[in-house]
Amino acid sequence: MKPASRLLFTAAAAVAAILLAGCETVPETGRRQLNFLSPDQELQMGITAFEQIKKEQKIADDPIKNAAIQRVGRRIAEAVGDDVEDAEWEFVLFEDDTPNAFALPGGKVGVHTGLFDVVESDDELAIVLGHEIAHVTASHGAERYSQSMLAALGGLALGTALSGEDESTRRLAMAAYGLGASVGVMLPYSRLNESEADEIGLIYAARAGYDPRAALSFWKRMKAVSEESGKPPEWLSTHPSDDTRIRRLEALMPRMLEIYEKARGEEPPA
Ligand SMILES: [Zn+2]
């Protein structure tokens, strides 16, 4: 072997070892995922990032909206059961007109006040919070982090393999690799994460006794809102297009309605 290919082989062996050590199973879907972080590391990462966001963004003091995210968020977090270790659930309302919500590892969930311009009921809020909570239980943040670590390692290996080539070839190959690593590897995985969070989130919402059909009314309204404002084409966005998403949700509905009916049957009479 040439020295460069021997180095590449060594790097590939190291990557393979990491892949074997860093595999986890996503709850509810059973998908194998890359995750080098322990539940405690995820929690610490989430806490640090969330504290930073709370310092930088204005926390809203709307008592009604805040009560809604606490009420619905807690109820869904209870429906999660054993799907997550070491989560410290926290739901914070931020002053921001965009209809959005986000989740960080360890159970940190942020909701924008603007989300309430689109959400019309607790059932619809449960769809959004179920989705965000699913990102936490499915360790999607840690998965993306692990993927980017691996991508950096891959870039290092490529750089080593190309060390005998002339400067311009090397720069071109590294640039092409960089594009592939972000558009080719990172984005499709993230889109997979989005669809997975939709599915797992629906399971949680239904299990907590919220009507899963609210996902259809919510995403149809969201589609109308985003069409008014304009948005990037699907292939460069981390989110599936609204039509794709609505089609997938419709396909999930029979199974989700079963979970919902079962949860409602188990509820003590009011
Ligand atoms: Zn998401």
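E196 is a residue of helix α6, which spans residues 167–207. Helices here are DSSP runs of H or I with at least four residues, strands are E runs of at least two, and both are numbered from the N terminus. The model is a predicted one, in which local features need pLDDT of at least 70 and side-chain atom pairs count only at pLDDT 80 or more, while totals for chains, interfaces and linings use all residues. Residue numbers start from 1 along each chain as its sequence is written.

**Surroundings of E196**

E196 is buried, as 21 other C-beta atoms lie within 10 Å. A residue counts as buried with 20 or more other C-beta atoms within 10 Å of its own, as exposed with 12 or fewer, and as partly exposed in between, the C-beta atoms being placed from the backbone. Leaving aside residues up to four places away in sequence, E196 touches V26, T29, R31 and A138; contact requires C-beta atoms, placed from the backbone, within 7 Å. The C-alpha atoms of E196 and V26 are 9.4 Å apart, although 170 residues separate the two in sequence.

**Positive phi angles**

Most residues other than glycine have a negative phi. E28 and S139 are non-glycine residues with positive values.

**The three-stranded sheet**

An open sheet of mixed pairing is built from three strands in the order β3-β5-β4. Because β3 (90–94) and β4 (101–104) each have a single partner strand, they stand at the edges, and one side of each is left without a neighbour in the sheet. From one strand to the next the twist averages 20°, where axes are lines fitted to C-alpha atoms and angles run from 0 to 180 degrees between N-to-C directions. β3 and β5 (residues 108–112) run parallel and are joined by five bridges; two strands pair if DSSP finds at least two bridges between them. L93 has V111 of β5 as its bridge partner.

**The protein as a whole**

Eight helices and five strands make up the elements of the protein. Their order from the N terminus is α-β-β-α-α-β-β-β-α-α-α-α-α. Buried residues account for 30% of the 270 residues. Of the contacts between residues at least 6 apart in sequence, 74% join residues at least 24 apart.

Definitions and conventions. Contact = placed C-beta atoms within 7 Å.
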